[in-house]
Amino acid sequence: MTAGIAVRALDAAEAEARLDELAEILVDAVASGASVNFLAGFAPEQARAFWQGQLAGIARGERRLLVADDGQRLVATVVLTHAPQPNAPHRAEIGKMLVLRERRRQGLGARLLCAAEEAARADGRTLLLLDTETGSAGDLLYRRCGWTEIGRVPGHALRPDGSLGDTTMFYKDLAAS
Ligand SMILES: CC(C)(COP(=O)(O)OP(=O)(O)OC[C@H]1O[C@@H](n2cnc3c(N)ncnc32)[C@H](O)[C@@H]1OP(=O)(O)O)[C@@H](O)C(=O)NCCC(=O)NCCS
């Protein structure tokens, strides 16, 4: 269903050139009620600032930004961030797994997640971690893609509307799969 949509890495220069598109995806996610660190009223300038803050790490190879590109614009993102600790050269985190509302439930999230896992493997990062709101679409996606629940933290984060939500932590050991 997502034929014609390319999933690929963006380098820092292209990410900078496409900050508006990246910002639109993040603003859309917050507006959809997704618990992705930000609150209602989150504005495009704030989303641009978030992505701007990711650029140096991408340029240094400390994180990778993967996107889905329909040829007209970017429609989904995922970020793989290497653990910086000297004792964790095998570990990384997944974040900002976001698909534009109009493109959801077409398999794009699963495609991007697989691509992020492949990128992690290529980087020698075989133990992956992430967290997501308990019971959210992300929660269902990660289970579907073979991630293992670590546990649930009650009242871990505010949803965009200011109400408290639980967070479920997951891991995936690529060395074991
Ligand atoms: C989570 C998110 C990235 C999923 O992207 P997506 O492209 O819609 O997901 P996919 O179409 O690849 O779904 C793959 C599988 O995940 C599960 N899934 C995903 N979204 C679901 C939903 N809303 N309801 C039920 N199952 C869902 C299903 O098993 C689905 O397979 P199926 O369609 O064959 O049933 C998307 O809903 C999103 O951007 N949400 C807002 C941001 C967010 O919360 N991100 C996670 C933060 S950690």
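**A walk from the sheet to the pocket**

Let's start with strand E2 (residues 63-69), which pairs with strand E3 (74-82) in the antiparallel sense over seven bridges. Helices (H or I, at least four residues) and strands (E, at least two) are DSSP runs here, numbered from the N terminus, and two strands pair if DSSP finds at least two bridges between them. Bear in mind that this is a predicted model: local features need pLDDT of at least 70, side-chain atom pairs count only at pLDDT 80 or more, and totals for chains, interfaces and linings use all residues. Residues are numbered from 1 along each chain as its sequence is written, and side-chain values use heavy atoms, with hydrogens and water left out.

On another pairing, E2 runs antiparallel to E1, joined by five bridges; here Leu 10 is partnered by Leu 65 of E2. E2 itself is mostly covered, with six of its seven residues buried (under 20% relative accessible area; exposed is over 50%, partly exposed in between, with a 1.4 Å probe and protein chains only).

Now zoom out. Seven strands make an open sheet of mixed pairing, ordered E1-E2-E3-E4-E5-E7-E6. Strand E1 (6-10) and E6 sit at the edges, each pairing on one side only. From one strand to the next the twist averages 25°. Helix H2 (residues 19-31) packs on this sheet, touching E1, E2, E3 and E4, and its direction makes about 90° with that of E3. Contact means heavy atoms within 4.5 Å; axes are lines fitted to C-alpha atoms, for helices over the stretch in contact, and angles run from 0 to 180 degrees between N-to-C directions.

E4 brings us to the loop between strand E4 (91-99) and helix H4 (108-122), where Glu 102 is found. Glu 102 counts as exposed because its relative accessibility is 54%. From Glu 102 to Arg 64 is 38 residues in sequence and 25 Å in space, C-alpha to C-alpha.
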